[in-house]
Amino acid sequence: MYHLVLARLGEGPTFDHCIATERCMAALARRFGEDAELWGLTGLVHDMDLDACEPDLSNHTLIAKHVLERIGAPREMITAVLAHNDKAPRTTLLDKALWVTDPTTGMITATSLVLPSRNVADVQVTSVKKRMKDKRFAAAVNRDQIRACETELVIPLDEFLELCIKAMAM
Ligand SMILES: [Fe+2]
């Protein structure tokens, strides 16, 4: 059933972000010995209702919850989707991973777009960290949420960024 979600996402601007988040989440799952398919799909669907909700985001993730329940998605996936938008507490490793990965893909993508090649494969960890210190660059991206990889996931920032860059460049 996820192909329906994918088809709908493909029509909106959030598509690339969802694909990037899917790749990072699957890579993180492998890092933790968790279910890469579940984590990847959770990343893929996490913003499935975002484009439809703009500009009023009060229903963001609530519409997704409704759709995901209808297609019989696992409870832990639905909870993580809600939790990434503060509509449920973040308790599981999956909840925390999605919350941390979400802004990280945004920062890495923004960093790639100022490179001459505009290719995420050319992004360096040091460049992302430098951009994170510039508050005007990709100002909407929450830096503290990215740095929370060290407390929420117990992965050093450098390793986390490296993992995400490699996953996104696949
Ligand atoms: Fe997102």
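Q: What is the handedness of the crossing in which α2 passes α7?
A: This is a predicted model. In it, helix α2 covers residues 15-32 and helix α7 covers residues 93-113. Where α2 passes α7, the crossing is right-handed.

Q: Which residues of α7 make the contact with α2?
A: On the α2 side, the contact uses H17, A20, T21, C24, M25, L28 and F32. Their partners in α7 are L93, A97, L98, T101, D102, T104, T105, G106 and T109.

Q: How many residues of the contact of α2 with α7 are charged?
A: Nonpolar residues number eight in this contact. Polar residues number seven. The charged count is one.

Q: At roughly what angle do the axes of α3 and α7 cross?
A: Helix α3 spans residues 36-45. Its axis and that of α7 come within 11 Å. The pair is therefore oblique, and the crossing is right-handed. The angle is roughly 45°.

Q: Which residues in α7 do W39, T42 and G43 meet?
A: W39, T42 and G43 lie in α3. The contact of α3 with α7 has four nonpolar residues, three polar and no charged.

Methods. Residues numbered from 1 in each chain as written. Predicted model: local features only at pLDDT ≥ 70, side-chain atom pairs only at ≥ 80, totals over all residues. Axes fitted to C-alpha atoms, helices over the stretch in contact; angles between N-to-C directions. Helix = DSSP H or I, 4+ residues; strand = E, 2+ residues; numbered from the N terminus. Left-handed = near helix turned anticlockwise from the far one by under 90°. Contact = placed C-beta atoms within 7 Å. Nonpolar A, V, L, I, M, F, W, Y, C, P; charged D, E, K, R; others polar. Parallel < 35°, antiparallel > 145°, perpendicular 65-115°, else oblique.
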